Amino acid sequence: MRRTRPERFVQMGLSITHLGSGSKGNSALIASERAKILIDQGFSGRQLELRLKEINIHPSEIDAIIISHHHGDHSSGAAIAHKRWGVPLFANFQTAAALGYDLIHQVTIFENLERMEFSDLSVLPIPVPHDKAHNVGFIISHHGSTERAAIFSDLGSWTDEIIAHIAGCSHISIEANYDEKLLWNGPYSPRLKERISGRGGHLSNKQTGLFLREVVSKSTKSIVLTHLSEENNRPYLAESTVLFHIGELFEGDIAISSQSGPRFSHYIGAKEEKAKVIEIL
Ligand SMILES: [Zn+2]
Ligand SMILES: [Zn+2]
């Protein structure tokens, strides 16, 4: 007897797991069934190993480390991971030069706005204004899905180009660095306060809220606020300020990545496909 029955196949998309974020180190793991990449590696080799171990991954399984910019909290552990576990490094020319990398043997240079492919993951670097650092944020997609994830940090301000790329993303990780009152009433020197809040510095909670207001839609499933200043911010202030600006637009999950290890993952692009299977009895 032959009978047909519908069967569901779940095609996995990609996961986003922050291994930690803040001025003492940043790294985010993007994983699919076939590829694992790190956006930034600002932790020691030992810390990277420990943080990945919490999610049952060994550093040698990482296919690439893509560095956003040369500041130590995003790059200081990249060369160690390359040397110790042979993980390939990727950076734009200015960042690779600022880090003093051997441009032939140590790093692969990417061009801003040119797509990179890592097996079933696709990564597009977008220029970000930040302290003359040639910073980039990343739009990441999975070949099997139209859903996209955005990982952006250290933005002094934003551009129309950034808005155009992040709008419609299912997942957005973005910094919410400081609370304006805490910064201006806090212990930093006037010069440092100016730098942090200036066009080359970081986004305040309020700026992040105003930015997200431009890009969030019903298709936004998850937002992770990153790079919170330990001195000038509090998680409840970041979350409540951002939600004040996007509350009526956003129905998804909002979370905060702290400086400590991985605490959660977000998943996008999983696709359920119904297929008919012929069963022979
Ligand atoms: Zn930076
Ligand atoms: Zn940073």
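Strand β11 (residues 148-152) is mostly covered, with five of its five residues buried; a residue counts as buried if 20 or more other C-beta atoms lie within 10 Å of its own, as exposed if 12 or fewer do, and as partly exposed in between, with C-beta atoms placed from the backbone. The model is predicted: local features need pLDDT of at least 70, side-chain atom pairs count only at pLDDT 80 or more, and totals for chains, interfaces and linings use all residues. Residues are numbered from 1 along each chain as its sequence is written, while chains are lettered from A and ligands numbered from 1 in the order in which they are written. Helices (H or I, at least four residues) and strands (E, at least two) are DSSP runs, numbered from the N terminus.

- Strand β10 (residues 135-142) runs antiparallel to β11 and is joined to it by four bridges; strands pair if DSSP finds at least two bridges between them.
- Ser 141 stands opposite Arg 148 in β11, and a hairpin of five residues joins β10 to β11.
- β11 pairs with β12 in the parallel sense over four bridges, with Ala 150 opposite Ile 172 in β12.
- β12 in turn pairs with β13 in the parallel sense, over five bridges, and Ser 173 has Val 224 in β13 as its bridge partner.
- Because five of the five residues of β13 are buried, this strand is largely enclosed by the rest of the structure.
- On one side of β13 lie Ser 222, Val 224 and Thr 226, and on the other Ile 223 and Leu 225; all are buried, and both faces are covered.
- Four bridges connect β13 to the parallel strand β14 (residues 253-256), where Ile 256 stands opposite Leu 225.

**Helix α8 and its packing**

- In helix α8 (residues 205-215), the buried residues are Asn 205, Gln 207, Thr 208, Gly 209, Phe 211, Leu 212 and Val 215.
- These buried residues pack against α5 (160-166), β12 (171-175), β13 (222-226) and α9 (235-246), contact being defined by C-beta atoms, placed from the backbone, within 7 Å.
- The axes of α8 and α9 are 8 Å apart and the helices pack at an angle of about 35°; axes are lines fitted to C-alpha atoms, for helices over the stretch in contact, and angles run from 0 to 180 degrees between N-to-C directions.
- Residues of α8 including Leu 210, Leu 212 and Arg 213 meet residues of α9, among them Leu 237, Val 242 and Phe 244.

**The open sheet**

- Seven strands form an open sheet of mixed pairing, in the order β7-β6-β5-β4-β3-β2-β15.
- Its edge strands, β7 (107-109) and β15 (266-268), each pair on one side only, and the twist averages 25° from one strand to the next.
- Within this topic, β4 (residues 36-39) and β5 (residues 64-66) run parallel and are joined by three bridges, with Ile 39 opposite Ile 66 in β5.

**The nonpolar core**

- The largest nonpolar core has 63 residues, such a core being a set of buried Ala, Val, Leu, Ile, Met, Phe, Trp, Tyr and Cys residues joined through C-beta atoms within 7 Å.
- Ile 30, Ile 65, Ile 66, Phe 90 and Leu 225 have the most contacts inside this core.
- Beyond its neighbours within four places in sequence, Ile 66 is in contact with Ile 37, Ile 39, Phe 90, Val 123 and Phe 138.

Methods:
Contact = placed C-beta atoms within 7 Å.
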